[in-house]
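Dear colleague,

Please find the structure below, handed over for your records. A written account of the findings comes after it.

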Amino acid sequence: MKQQVVTIAGGGSSYTPGIIQAILDNQNDFAVSEFRLYDIDAQRNDDMYTIIKWMLNKQRFNIGLTQTNDPEVAFTGADFVFSQIRVGGIEMRKVDEKVPLKYGLVGQETCGLGGFSYGLRTIGPMIELVGFVQRYAPDAWILNYTNPESIVAETIRRTYPKAKMLNACDMTISIETTLCENYGYDRKNWIQTYYGLNHFGWYKSIFDTSLGRDVMPEILDKLKAAPLKEPEFHRGDKFWAEAYAMMSTIVTDFPDNIPNNYLEYYLYPDAVVEQSDIEFTRADAVELGREKEIKETAQRIRETGRNGELNHDFGAHGQYIVDMAVSILNNLHRRFMLIFPNMGAIPNLRQDAVVEVPAYVGATGAEPISLRQPIPDMHKGMMEAQVAAEKLLVDAYFDHSYQKALEAFTLNQTFTSARKAKQVLDALIEANGDYWPELR
Ligand code: NAD
Ligand code: G6P
Ligand code: MN
């Protein structure tokens, strides 16, 4: 098999070592001749270059490594592009989280008005990024992790409907790994059926092939009996411990399906706001954690040639997206949750919604499955409203429309108040400045 050239867009991300390590661990199925780190921030890219160079040397891999901010250098001849950019960086993530909170609304990276703030910032750069790949590497697969995934997928559905791009989220695999660690199942035996929007969905069944039955009912009973403990890869992270524990609250009130933990922002927004601290949100924790660790590690390697304590194990995150590439390259038809235009996958939901459903991935890309049954009204109602809100937001970008943006904000499923929607929209226009399109 040809040795692959892999470009990581957003090379400076702290997820890069986890993805690279997963590729290094899979050289039999995914042989690589060159890694390229592409980032608009030269300092962050150089920090990561230093760390990855150290990893390759330590493990004695003879694989090329390039860092660049030039798209032509980054993408020409690339076979895979792993996309994980954060438009506006951690500083703007703070804005996304804190401005809505100031008005008593959920402040979150991808959900609620914070997610919409991030979405309006990300649409332009993602169109540009996918455009670069179409120009310099039209045959490359783009495996996208960049958030907010629903807005990104809706944007690319409109602008590059034929792009070879798969949009993935690591949350379902994180939930499944956590369930398996807590309750003693093996995820390898699972055939999961799940549906929703990104960070907004429900399991329909989890068939365990070794047990020969759907284990979702017994898992629901266990979730109701006691909250989940956080998994190995998030051990000690208070934020994730709370997020997983929240799943028990959700199933106590809504007992029929295992939920995505992100539903807490839509089902219990008032409780989330009460528990939030505007002085120290998730972005502050990430800044003091991963961000600092990457900078310090790169500096230590430059000064001493030693890595020290960098933990590049991000659990399933890197492995999940690498498994997808392996499944494409080797035509394995493995099953993944991915984000697609609906087109009948969820029969009673509008066809042009972007939804997250299982799909089989092989040499021609992904083939989503159809549920072939309608979803319940509660889920459909929530999803229809949220889909409309997301579509209005993307309309607002293309039409430069303040009115569409206001409608999007008002319809967002984390609250109901046109007055607050307008206040937060105006505050976010101010805070995002040139990151946002002009809204008239
Ligand atoms: P980060 O800020 O640490 O890293 C992102 C990098 O992207 C930065 O180095 C930044 O300079 C670079 N960048 C920004 N704009 C760019 C552009 N236009 N072109 C090239 N590079 C650019 O962020 P992070 O916390 O590592 O997260 C990266 C992204 O991955 C975010 O969008 C995050 O939400 C997403 N993410 C998604 C999932 C998922 O489940 N889909 C999981 C984890 C992270
Ligand atoms: C999960 C979600 C991602 C999200 C991330 C945030 O992995 O699936 O979409 O970006 O969590 O994690 P962080 O540690 O940056 O808060
Ligand atoms: Mn996600």
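This is a predicted model: local features need pLDDT of at least 70, side-chain atom pairs count only at pLDDT 80 or more; totals for chains, interfaces and linings use all residues.

Residues are numbered from 1 along each chain as its sequence is written, chains are lettered from A and ligands numbered from 1 in the order in which they are written, and side-chain values use heavy atoms, with hydrogens and water left out.

Ligand 1

Ligand 1 is surrounded by 25 residues, where a residue is counted if one of its heavy atoms lies within 4 Å of the molecule. The closest are Ser13, Asp39, Arg44, Glu109 and Tyr118. By class, this shell holds 8 nonpolar, 8 polar and 9 charged residues; Ala, Val, Leu, Ile, Met, Phe, Trp, Tyr, Cys and Pro count as nonpolar, Asp, Glu, Lys and Arg as charged, and the others, Gly among them, as polar.

The side chain of Asp39 places an N or O atom 2.6 Å from an oxygen atom of ligand 1. Glu149 has a polar side-chain atom 3.1 Å from a nitrogen atom of the ligand, and Asp170 contributes a backbone N or O atom at 3.0 Å from a ligand oxygen atom. Taken alone, ligand 1 exposes 870 Å², of which the protein buries 94%; accessible areas come from the Shrake-Rupley method with a 1.4 Å probe, and for residues only the protein chains shown count as cover.

Ligand 2

Around ligand 2 there are 13 residues, and Arg93, Asn147, Asp170, Arg282 and Arg290 come nearest. They divide into 6 nonpolar, 2 polar and 5 charged. Helix 12 (residues 282-304) gives the most to this shell, with 3 residues; helices are DSSP runs of H or I with at least four residues, strands are runs of E with at least two, and both are numbered from the N terminus.

Oxygen atoms of ligand 2 lie 2.7 Å from a side-chain N or O atom of Arg282, 2.8 Å from one of Asn147 and 3.4 Å from a polar side-chain atom of Tyr262. Ligand 2 alone exposes 390 Å², and the protein buries 91% of that.

Surface

Tyr360 lies in strand 11 (residues 354-362). Its relative accessibility is 31%, so Tyr360 counts as partly exposed, a class between buried (under 20%) and exposed (over 50%).

How values were computed:
Buried means under 20% relative accessible area, exposed over 50%, partly exposed in between (1.4 Å probe, protein chains only). A polar contact is a pair of N or O atoms within 3.5 Å; within protein, one must be able to donate a hydrogen and the other to accept it, and residues adjacent in sequence count only if both atoms are side-chain atoms.
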